[in-house]
Amino acid sequence: MDTSAHGAVTAGGFVLSFSAVRLRTLIALVVASVVLLGVTLWGVIVPADVHLEVLLVAVPALTAVVDNTRTTVGMTVLACLGVVAVDVDDGLPRSPILAIDVLGLLVVCVLVLVFRRVRDVDHRTLCAVRCVSETAQKALLPPLPCRMAGLEIATAYRSAAAHAHIGGDVYAAERVGDTVRMLIGDVRGNGLAAVDDAAAVIGAFREAAHRDVRLEHVALSLDAGVRRRVDQVSSTDINASERFITALVLEIPDDLHVVRVISCGHPDSMRSHGEEVDFLEVPQPAPPLGLGGDRTAYQVDTFRFEPDDTLLLHTDGLLETRDGAGVFYPALDRFALLAEDEPHHLIERLMSDLTVHAGGEVQDDVAMVAVRRRPATAVAGAGEDGRGTCPVNERVRLERAGVASETDRYGTG
């Protein structure tokens, strides 16, 4: 899906799509050939007063799905020969009916070629726009590294806006000294309309994570940044005062098996520890960012986070997605079943399962970040950032390469 994609199409999905195009072309040619042979033979067999050759206009029309001008022209020529054979058999070699039948085939052929040209121009434009969109989306919400110090990280994102890979949900991670600081948030609203606020809060987090020593100061800085953004747009947006962002701000130190959390009105994250799975419930969440919480509102809650434990950070789209009967997605139960998987498998399977639960169409932005603390033996010898090729990130890279290939194929003019 989104997983991005929107969600997102995997590299294997691109290969499948390419194979589907070839299969569709083959089916169209087979059907066109069957129509050509069937109508021609049947037209010769039936009485002369029954004119079936008019049905041969379907032959060039069926080649519209084939990206090959010569195929359309070739099938049209064969259809014209079929018309001539049937009309001659009916005793109409000098009748205007023959000329009209051939002219009809040529008109359909020309229309197919014209419409295919228009489609190809639109396709080139779409591919160019997609490439620009991919670059902008990657700059705003880049994929997190697969490993940061002793942590394994995997992400998944699905935007409520069609053909978009970002929306109103955000996540970010920064390595600060011997600590990893993370953010996951949900802008009020969804889809592309919330991207502006999403960009603002990510930028504020990247700056505050390195500048502020204490986690509560990071949260205060984020709140101040969001309020500044609201003040800036209040002159052009009459609903600016209603803009806010729910968020979790976390830090995971290297030398302590804990995770420190500040909740700004955001859904609690999930944690697996051995066979136990639970929510990390924050007893007194602060107000969402942008609603002006004071210093005392941002309280740090500390939870155990042992080696081989997994955290699942998520936005409310995971919890509020319903099926056709209105039943909410059982996120904690599904997480418990999949928590032993590697983080990237866990994320992919959860997103796939969520999509099935929603009947194939998730109506809200959904972001998930799975974080697993690796055992000390696994961390030893690894680089500080451990930025190896992650299966999820490699899939995204291949998907984007597939989009680029489509652009190269059709050009950008």
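This is a predicted model: local features need pLDDT of at least 70, side-chain atom pairs count only at pLDDT 80 or more; totals for chains, interfaces and linings use all residues.
Within H8, which spans residues 331-338, the buried residues are Ala 331, Phe 335 and Leu 338. Viewed along the helix axis, the buried residues of H8 sit within an arc of 70°, so they line one face of the helix. On the face turned away from that buried side, you will find the exposed residues Asp 333 and Leu 337.

## Two nonpolar cores

In soluble globular proteins, nonpolar side chains tend to be buried together. Here, the largest nonpolar core holds 56 residues. Met 182, Leu 222, Val 259, Leu 289, Val 369 and Val 371 have the most contacts inside that core. Helix H5 (residues 195-211) is the element that gives the most to this core, contributing eight residues. Another core, of 20 residues, lies apart from it, and its members include Ala 156, Leu 338, Val 362 and Met 368. Leu 338 also belongs to the buried residues of H8.

Setting aside neighbours within four places in sequence, its contacts are Leu 151, Glu 152, Ile 153, Met 182, Ile 252, Phe 305, Asp 309, Thr 310 and Leu 311.

Glu 152 is buried yet makes no salt bridge. The nearest side chain of opposite charge is that of Arg 374, 4.4 Å away; a salt bridge needs the side-chain nitrogen and the carboxyl oxygen to be within 4 Å.

Not counting residues up to four places away in sequence, Glu 152 touches Cys 146, Arg 147, Glu 342, Pro 343, Ala 370, Val 371, Arg 372 and Arg 374.

## The aromatic pair

The structure contains one aromatic pair. Its partners are Tyr 157 and Tyr 171, whose rings are tilted, at 6.3 Å centre to centre and with 55° between the planes. Tyr 157 belongs to strand S2 (residues 151-158) and Tyr 171 to strand S3 (residues 169-176), so the pair ties together parts 14 residues apart in sequence.

Are these tyrosines, Tyr 157 and Tyr 171, buried or exposed? Tyr 157 is buried, with a relative accessible area of 4%, and Tyr 171 is buried too, at 7%.

Terms used
Residues are numbered from 1 along each chain as its sequence is written. Side-chain values use heavy atoms; hydrogens and water are left out. Rings of Phe, Tyr and Trp (its six-membered ring) pair if their centres lie within 6.5 Å; planes under 30 degrees apart count as stacked, over 60 as edge-to-face and the rest as tilted. Helices (H or I, at least four residues) and strands (E, at least two) are DSSP runs, numbered from the N terminus. Buried means under 20% relative accessible area, exposed over 50%, partly exposed in between (1.4 Å probe, protein chains only). A nonpolar core is a set of buried Ala, Val, Leu, Ile, Met, Phe, Trp, Tyr and Cys residues joined through side-chain atoms within 4.5 Å. Contact means heavy atoms within 4.5 Å. Lys and Arg count as positive and Asp and Glu as negative; His and the chain ends are not counted. The arc is that of the directions from the helix axis to the C-beta atoms.
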